[in-house]
Amino acid sequence: MAVAQPKPKYTVDDLWEISHRTGKRYELVRGELRELTPTGWEHGRISARVARLLDTYASTTRRGIVLGAEAGCVLRKGDAVTVRAPDAAFVALERLEEGRVPERFGEVVPDLVVEVVSPGDTYAEIAEKVNDWLNAGVRLVWVVDPRDRRVSVHKPGEPVRILGEGDTLCGEEVLPGFECAISELFAL
C-alpha cells in the first residue's frame, strides 16, 4: 500500500526564490505555496483606485507608506510560515525599521490591509485571508466587493461593519482624517 507523502513546507526564502525564478506569483500559507492568478480589469482598477487614495493620504500627511498589489508581507514564521500579498496596504512610518522600506518581503505587519474580492474568490478564501491579517496584528481590514458594491470593515475583537454606496469609509484611528465615499471606489 502506498504511503501518502507529506507536502513540502516552504520557507520565506523558498517563496522569494521560486517566485523570481519562475516569474509566477505566489502566497505562502502555513508553509504551502498558493499560486496567484491574474485578476480582471475591474479588480485591478479598484485596487489601483484604493491604493491611489491611500497614497494621496500618506503623501499629504507623511504618516506612512502604501503598498500596491502583490507586495509580500510576512505574517508568521516557523512551522506555519505565512506570506500574504494584499491588494493594497498602509504601514505607519514609525513602524518601519530605521524609516527604510525593505527590498524583499516586509516583516512589519501593515496597519491597514485592503482585499478586493475577485469573481473567483470564495467566502471561505476571503474569510481565511481576513483572519490571517487580523491574527497577525493588522488593525484594520477593508474587504471591497465590486459585485455587491460594498465594503466590509474588520477590526480585531469587533463585529464586522458593512458599508454601502451611500456610506463613507473612514480611516478611524489607523488613518486619522481619511474619508472616502464608498461610491467613489466604484465610479468610472
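Helices (H or I, at least four residues) and strands (E, at least two) are DSSP runs, numbered from the N terminus. The model is a predicted one, in which local features need pLDDT of at least 70 and side-chain atom pairs count only at pLDDT 80 or more, while totals for chains, interfaces and linings use all residues. Residues are numbered from 1 along each chain as its sequence is written, and side-chain values use heavy atoms, with hydrogens and water left out.

**Exercise 1. Describe helix α3, what follows it, and what it packs against.**

Step 1: Helix α3 covers residues 123-136, and its 14 residues reach 20 Å from the first C-alpha to the last, close to the 20 Å expected at 1.5 Å a residue; the expected span is 1.5 Å times one less than the number of residues.

Step 2: After α3 comes G137, which has a positive phi near 115°.

Step 3: The buried residues of α3 are I126, K129, V130, D132, W133 and L134, where buried means under 20% relative accessible area (1.4 Å probe, protein chains only).

Step 4: These buried residues pack against β1 (26-29), β4 (73-76), β5 (82-84), β7 (112-116), β8 (140-145) and β9 (150-154), with contact meaning heavy atoms within 4.5 Å.

**Exercise 2. Find the strand order of the open sheet of six strands, and its edges.**

Step 1: The order is β3-β6-β7-β8-β9-β10, and the pairing is mixed; two strands pair if DSSP finds at least two bridges between them.

Step 2: β3 and β10 (161-163) are the edge strands, since each pairs on one side only.

Step 3: On average, neighbouring strands of this sheet are turned by 15° against each other, direction ignored; axes are lines fitted to C-alpha atoms, for helices over the stretch in contact, and angles run from 0 to 180 degrees between N-to-C directions.

Step 4: Within the sheet, β8 and β9 run antiparallel and are joined by five bridges, and V143 stands opposite S152 in β9.

**Exercise 3. Describe the hairpin formed by β4 and β5.**

Step 1: β4 and β5 run antiparallel, with three bridges joining them, and R76 stands opposite T82 in β5.

Step 2: Five residues lie between the two strands, and G78 in the turn has a positive phi of about 85°.

Methods:
Buried < 20%, exposed > 50% of the residue type's maximum accessible area, 1.4 Å probe, protein only.
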